[in-house]
Amino acid sequence: MNENSYTRRDFLKTAGVGAAGLTIGLGALGGAGRVSAAPIHQGSAIIQADPINHGGPVIISGGKVIQPQREIRVMRETDVLVVGGGTAGVIAAISAARTGADVTLVERYGCFGGLWTGGLVLIVLSTHARVGGKLTKCVRGIGDEMLQRHLKIPGGIINQAPGKSNPTSDPEVTKYLMAEMVREAGVHVVLHSWVTNAIMDKGTVRGVLLESKSGPMAIKAKVVIDASGDGDVFGAAGAENVRHTHRIGLVHRLGGVNTVDRAKAKKAGVKLPRFGAATPIPGVTWVNMQGPKADCLDVEALSKIEMDDRAAIWKRMAEIHKVPGCEKVFVLDTASQLGIRTSRTLVGTQEITLKNAKARKTYDDVVGVGGSYSLTGGAPCSVPYGSLLPAKIDNLLAAGRCVAADNQMLNYTRLIAPCMVTGHAAGAAAAVAVADKTSPRKVNIAKVQALLKKQGAHLG
Ligand SMILES: Cc1cc2nc3c(=O)[nH]c(=O)nc-3n(C[C@H](O)[C@H](O)[C@H](O)COP(=O)(O)OP(=O)(O)OC[C@H]3O[C@@H](n4cnc5c(N)ncnc54)[C@H](O)[C@@H]3O)c2cc1C
């Protein structure tokens with residue numbers, strides 16, 4: 001191996017997770033978990049399956065593409081439907097399911113975590129605040145339970161300890177733990193399914209439409225939680241919302257950072273480049289890329305940025321390799337999910353504002369408290385229930401980065417720890433509404449607060 005040939009494969013080898021290691025280690029599991037070198041070219045099994053029901057073809061009429069009226073197959077009826085399996089959605093689903101409600105969680109990709117995992121955003125900001133000069137944990141309950149469980153897996157998390165805030169997690173560990181917690185809570189999981197529309201009964205949401213390899217399907221629900229990050233459900237339902245542009249970056253990880261020969265760079269009189277922030281894997285950093293500002297719901301813009309950001313990463317990699325002592329640094333991976341900071345935010349019955357946060361305003365309908373952030377002047381931030389509740393549309397709640405916040409505070413509410421808080425709040429509120437056979441608008445807030453406390457949440 002020469003100096004320049006330290007590759008991903010070498011990295012995996014030194015980390016002890018080479019292909020052979022996987023074969024031996026996991027082969028013992030058998031069945032679904034088996035990873036082995038057994039031959040796979042033995043021919044497929046031909047099955048007699050029902051044809052996929054697309055409800056008939058889309059047609060061309062007078063040069064226009066027309067989707068004719070069609071009946072959509074109902075896949076499920078559920079109490080609480082959570083759209084989006086990111087931080088907020090997973091915690092919302094777990095909270096509601098732990099009350100015994102029937103909960104369905106729909107996610108467009110094959111794993112949970114959204115930007116926290118697929119987006120490779122690894123530092124969980126705003127978990128704590130200084131209260132009376134003392135570092136105090138704000139994010140408690142299910143979010144904290146999730147972070148604590150990372151400690152049980154070697155390489156799962158760093159900076160998760162008393163006296164420390166804002167831990168950094170490993171994305172694969174997070175994906176696994178989220179799946180385990182969702183499974184343990186008894187949530188019905190629908191992966192690989194993209195929610196495309198809301199089912200409306202006048203101003204009330206009754207469920208969603210989704211597209212997948214199985215064709216278009218509907219899920220009916222008593223309460224829907226929009227945790228899609230982009231407000232796809234409340235956007236489709238016609239709920240008032242605000243559209244934003246923001247910087248879009250392609251987060252990535254660098255490996256081999258622990259091979260950097262600082263003395264060599266110093267001798268050459270060259271300044272070392274920045275490699276990003278530490279992760280639980282030795283020698284691996286994550287790079288938080290800012291990227292250009294764009295409309296995060298414009299697919300043409302997203303396509304261009306994905307291409308341009310990737311080119312920029314490799315251009316920078318080439319620059320890094322020119323620095324003496326940095327020859328063995330490599331791009332370990334790029335995020336499978338583009339780094340969308342914000343797109344739509346809800347117009348709620350209340351809005352989280354920077355002014356109120358700085359004034360440390362508290363609310364009668366408080367459903368959670370997020371930790372501090374530089375933007376808020378170091379104050380913890382109370383979350384009112386009204387920031388999850390659409391101003392007009394019924395049977396719908398928002399959670400995560402799309403909740404109602406002014407265009408400064410959305411840079412707070414979109415952080416991972418505050419998304420844990422709003423996810424937990426939405427899940428608990430939906431569960432209480434279902435149990436009491438009422439709507440999120442009429443739900444008994446005292447009962448929601450009692451459930452949140454029972455589930456360990458901090459309400460201030
Ligand atoms: C580049 C970048 C850097 C950041 N840095 C930090 C940081 O350092 N620390 C920090 O705490 N936060 C940071 N953030 C913010 C934070 O990562 C996210 O805002 C947070 O993870 C959002 O969580 P969420 O659950 O609200 O949404 P998301 O993580 O976006 O989850 C939404 C989920 O819904 C799914 N989904 C979307 N639409 C549909 C649909 N129509 N149908 C079905 N599923 C759908 C998505 O696949 C996804 O899994 C950063 C964000 C970016 C982009």
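This is a predicted model: local features need pLDDT of at least 70, side-chain atom pairs count only at pLDDT 80 or more; totals for chains, interfaces and linings use all residues.

Student: Okay, domains: how is the chain divided?

Tutor: There is domain 1, made of 73–244 + 342–454, and domain 2, covering 246–340. Taken over C-alpha atoms, their centres are 29 Å apart.

Student: And how many residues does each domain put into the contact?

Tutor: Domain 1 gives 19 residues and domain 2 gives 17 residues. On the domain 1 side, strand 7 (157–158) and strand 8 (168–169) each supply at least two residues.

Student: What's the make-up of that side of domain 1, by class?

Tutor: The side of domain 1 that touches domain 2 has 10 polar, seven nonpolar and two charged residues.

Student: Switching to the ligand. Where does it lie relative to the domains?

Tutor: Between them: domain 1 and domain 2 both give residues to the shell around the ligand, so it lies between the two.

Student: Which residues come nearest to it?

Tutor: Of the 38 residues around the ligand, the nearest are G84, G86, G114, G229 and G400. By class, the shell has 18 nonpolar residues, 13 polar ones and seven charged ones.

Student: Which helices and strands supply at least two residues of that shell?

Tutor: Helix 3 (87–97), helix 11 (416–435), strand 10 (194–201) and strand 20 (339–340) each do. Helix 3 has the largest share, with three residues.

Student: Tell me about helix 3, then. Is it buried or exposed?

Tutor: Buried: 11 of the 11 residues of helix 3 are, so this helix is largely enclosed by the rest of the structure. Among those buried residues are T87, V90, I91, I94 and S95.

Student: What do they pack against?

Tutor: The buried residues of helix 3 pack against strand 3, strand 4 and strand 12, as well as helix 4 (141–150), helix 5 (171–185) and helix 11.

Student: Let's look at those strands. How many bridges join strand 3 to strand 12?

Tutor: Nine, and the two run parallel, with strand 3 spanning residues 73–83 and strand 12 spanning residues 217–226. As one example, V82 has I225 in strand 12 as its bridge partner.

Student: And in which sense do strand 3 and strand 4 pair?

Tutor: Parallel too, over four bridges, strand 4 being residues 103–106. Here L81 has T104 in strand 4 as its bridge partner.

Student: Great, thanks, that helps!

Definitions and conventions
Residues are numbered from 1 along each chain as its sequence is written. A residue is near a molecule or strand if its C-beta atom, placed from the backbone, lies within 6 Å of it. Ala, Val, Leu, Ile, Met, Phe, Trp, Tyr, Cys and Pro count as nonpolar, Asp, Glu, Lys and Arg as charged, and the others, Gly among them, as polar. Domain bounds come from an automatic or database domain assignment. Two strands pair if DSSP finds at least two bridges between them. Two residues are in contact if their C-beta atoms, placed from the backbone, lie within 7 Å. A residue is buried if 20 or more other C-beta atoms lie within 10 Å of its own, exposed if 12 or fewer, and partly exposed in between; C-beta atoms are placed from the backbone.
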